[in-house]
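Please examine the sequence and the structure displayed below. The report that follows describes the fold, the two ends of its packing, and its surface.

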Amino acid sequence: MTRSQPRRARGTVGHANSALNLRLTLASFGLVIMVLFAVLAFWAGIAWLGVICAILAVVAVVDLVVIQRRRAARHREEPGVKHSLFE
């Protein structure tokens, strides 16, 4: 089992468990949108919605950190290999 995959996962280096680059793109998009929605909600005076959007933005940041750590581990295992968005 490689270090870039979570333990007990069925994926291998040859057959990845998830598309990390696609997850990175989607998490980045989610972060930008949730920050924008949080700012708009606080500006409109809907504090509860702003708090929910801010919490979801924090979740997106945590997901980005996890994804980057897995991508770094994959890069250490396969130096010089370029992966497309869907790999």
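Against which element do the buried residues of helix 1 pack? The buried residues of helix 1 pack against helix 2, where packing is judged by contact, meaning heavy atoms within 4.5 Å.

## Basis of the report

This is a predicted model, in which local features need pLDDT of at least 70 and side-chain atom pairs count only at pLDDT 80 or more, while totals for chains, interfaces and linings use all residues. Residues are numbered from 1 along each chain as its sequence is written, and side-chain values use heavy atoms, with hydrogens and water left out.

## Overall architecture

The protein contains 2 helices and 0 strands. Both kinds of element are DSSP runs numbered from the N terminus: helices are H or I with at least four residues, and strands are E with at least two. Among the contacts with a separation of 6 or more, 65% join residues 24 or more positions apart.

Of the 87 residues in the protein, 23% are buried. Buried denotes under 20% relative accessible area, exposed over 50%, and partly exposed the range in between (1.4 Å probe, protein chains only). The protein exposes about 6300 Å², and carbon and sulfur atoms supply 69% of this area. Accessible areas come from the Shrake-Rupley method with a 1.4 Å probe, and for residues only the protein chains shown count as cover.

Helix 1 has 25 residues and reaches 36 Å from its first C-alpha to its last, close to the 36 Å expected. The expected span is 1.5 Å times one less than the number of residues.

In helix 1 the buried residues are L20, N21, L24, A27, M34, A38 and A41. In helix 2 they are G50, C53, A57, A60, L64, I67, A73 and R74, and what covers them includes helix 1. An α-helix has 3.6 residues a turn, so residues three or four places apart point the same way.

## Links between the helices

How many salt bridges are there? The count comes to 1 salt bridge, defined as a side-chain nitrogen of Lys or Arg within 4 Å of a carboxyl oxygen of Asp or Glu. The side chains of R23 and D63 form it, at 2.8 Å from N to O. R23 lies in helix 1 (residues 20–44) and D63 in helix 2 (residues 47–77), so the pair ties together parts that are 40 residues apart in sequence. R23 is partly exposed, with a relative accessible area of 25%, and D63 is likewise partly exposed, at 25%.

N21 belongs to helix 1 and is buried, at 8% relative accessibility. Its side chain is joined to that of R71 by a polar contact of 2.8 Å. Such a contact is a pair of N or O atoms within 3.5 Å; within protein, one must be able to donate a hydrogen and the other to accept it, and residues adjacent in sequence count only if both atoms are side-chain atoms. R74, in helix 2, is buried at 11% relative accessible area. R74 and L20 are 54 residues apart in sequence, yet 9.7 Å apart in space, C-alpha to C-alpha.

## The loop and a surface patch

Just after helix 1, G45 takes a positive phi of about 85 degrees. I46 is located in the loop between helix 1 and helix 2 and is partly exposed, at 32% relative accessibility.

I46, W48, L49, I52 and L56 form a nonpolar patch on the surface, with about 460 Å² of accessible area together. Patches are made of residues with over 30% relative accessible area and no salt bridge; like charges are joined within 9 Å, and nonpolar side chains (Val, Leu, Ile, Met, Phe, Trp, Tyr) within 5 Å.
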